[in-house]
Amino acid sequence: MALAKTLESSPETEKFLCERLLDQTEPISERFRALFSLRNLRGSGPREALILATRDSSNLLAHEAAFALGQMQDAEAVPALEKVLQDLSLHPIVRHEAAEALGAIGLEGNIPLLEKTLVSDPAQEVRETCELALERIEQQKNICQNEDSTKEVASPFLSVDPATPASCCSSVDQLREVLLDEERDMYQRYAALFALRNRCEDVAVSAIVDSLGARSALLRHEVAYVLGQLQNKAATAALSRVLKNVSEHPMVRHEAAEALGSIADSQSVELLEEFAKDAEPIVSQSCEVALSMLEFERSGKSFEYLFMQTPQVQ
């Protein structure tokens, strides 16, 4: 998802969005419409609604709320995100997103908790996310101390990425080698992934697709996310195989579904319709949201409430 833009709204609209996000009787797609709008706002109301949503019974919605708080880089959300990360009763996909959000916000005060979780969390994907978050905080600290660069370079995809892209001087072949090297640490592989993404070349996309065979579910899920950002139809077949593989980690299948929704060719749409009935809610709800987004896009309407003149209560 894209980096949040800061917009303004009326108190009535903000109240509507917060209530719609937290209303569990609403379809998941409607709640996502509210979530995507709230991530563009600032202030205690949107923040508290998103924090409450991190505890939602929908693990998909809960993880997206944590992700949004990280993309907003709202330091006021840190205490709540810390609690989410430490709560082992929550799904690993939600704890993972809380760890990534803490890395995106980038406070050095979170280092002790991330270090503790790195060795204690039972889920590998959460531990690996803590590894990434710790390295990202260190990298941002170095950037701030560098006299020649006082701020983070913005992503061309308007996202706060878990790793800074590797040097632009590296060739596609060099980046591919790092990305596919199972002995490299996770941050180096992520840095190679985002550098390849930024090339937007077919040969770079091919290297990214090859990394869907990585051992790490965390890396595979990020690869699917990146392929969705690129919206390259050459990735459709590989993403389709991921979505169809019911033994694959739900977080990877979920990102594959979202990526197919972004690509939106006829094959992708057929798969989304089929797997909207999947037994895994994280997957079926991802397909439902992707299909709803496509429907709005094709009708020329905004999926996000904030970009409508007046939110339409249905």
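Figure 1. The protein chain is divided into domain 1, residues 11–143, and domain 2, residues 172–300. The model shown is predicted. Taken over C-alpha atoms, the centres of domain 1 and domain 2 are 21 Å apart.

**Figure 2. Where domain 1 meets domain 2.** On the side of domain 1, 24 residues take part in the contact, and they touch 21 residues of domain 2. Here, contact means heavy atoms within 4.5 Å.

**Figure 3. The cavity and its volume.** The structure holds one cavity of 30 Å³ or more. The volume of the largest cavity is about 130 Å³.

**Figure 4. The lining of the largest cavity.** In total, 17 residues line the largest cavity. Those nearest its centre are Phe67, Glu97, Glu100, Tyr225 and Glu255. Four helices each supply at least two residues of the lining: H4 (59–72), H6 (92–105), H12 (217–230) and H14 (250–263). Helix H4 gives the largest share, four residues. Sorted by class, the lining has seven charged, five polar and five nonpolar residues.

**Figure 5. The crossing of helices H10 and H11.** Helix H10 spans residues 186–199, and helix H11 spans residues 202–210. The axes of H10 and H11 come within 8 Å and cross at roughly 145 degrees. This crossing of H10 and H11 is left-handed.

**Figure 6. Residues in the contact of H10 with H11.** From H10, the contact uses Leu193, Leu196, Arg197 and Arg199. From H11, Ala204, Ala207 and Ile208 take part. By class, five residues of this contact are nonpolar and two are charged, while none is polar.

Notes
Residues are numbered from 1 along each chain as its sequence is written. This is a predicted model: local features need pLDDT of at least 70, side-chain atom pairs count only at pLDDT 80 or more; totals for chains, interfaces and linings use all residues. Side-chain values use heavy atoms; hydrogens and water are left out. Axes are lines fitted to C-alpha atoms, for helices over the stretch in contact, and angles run from 0 to 180 degrees between N-to-C directions. A crossing is left-handed if the near helix is turned anticlockwise from the far one by less than a right angle, and right-handed if clockwise. Ala, Val, Leu, Ile, Met, Phe, Trp, Tyr, Cys and Pro count as nonpolar, Asp, Glu, Lys and Arg as charged, and the others, Gly among them, as polar. On a 1 Å grid over the protein atoms alone, a cavity is a set of points where a 1.4 Å probe fits but cannot get out, and a pocket is an open set with protein on both sides within 12 Å along at least five of seven lines; lining residues have an atom within 4 Å of a point. Grid points are joined across faces, edges and corners, and a volume is the space filled by probe spheres set on the points. Domain bounds come from an automatic or database domain assignment.
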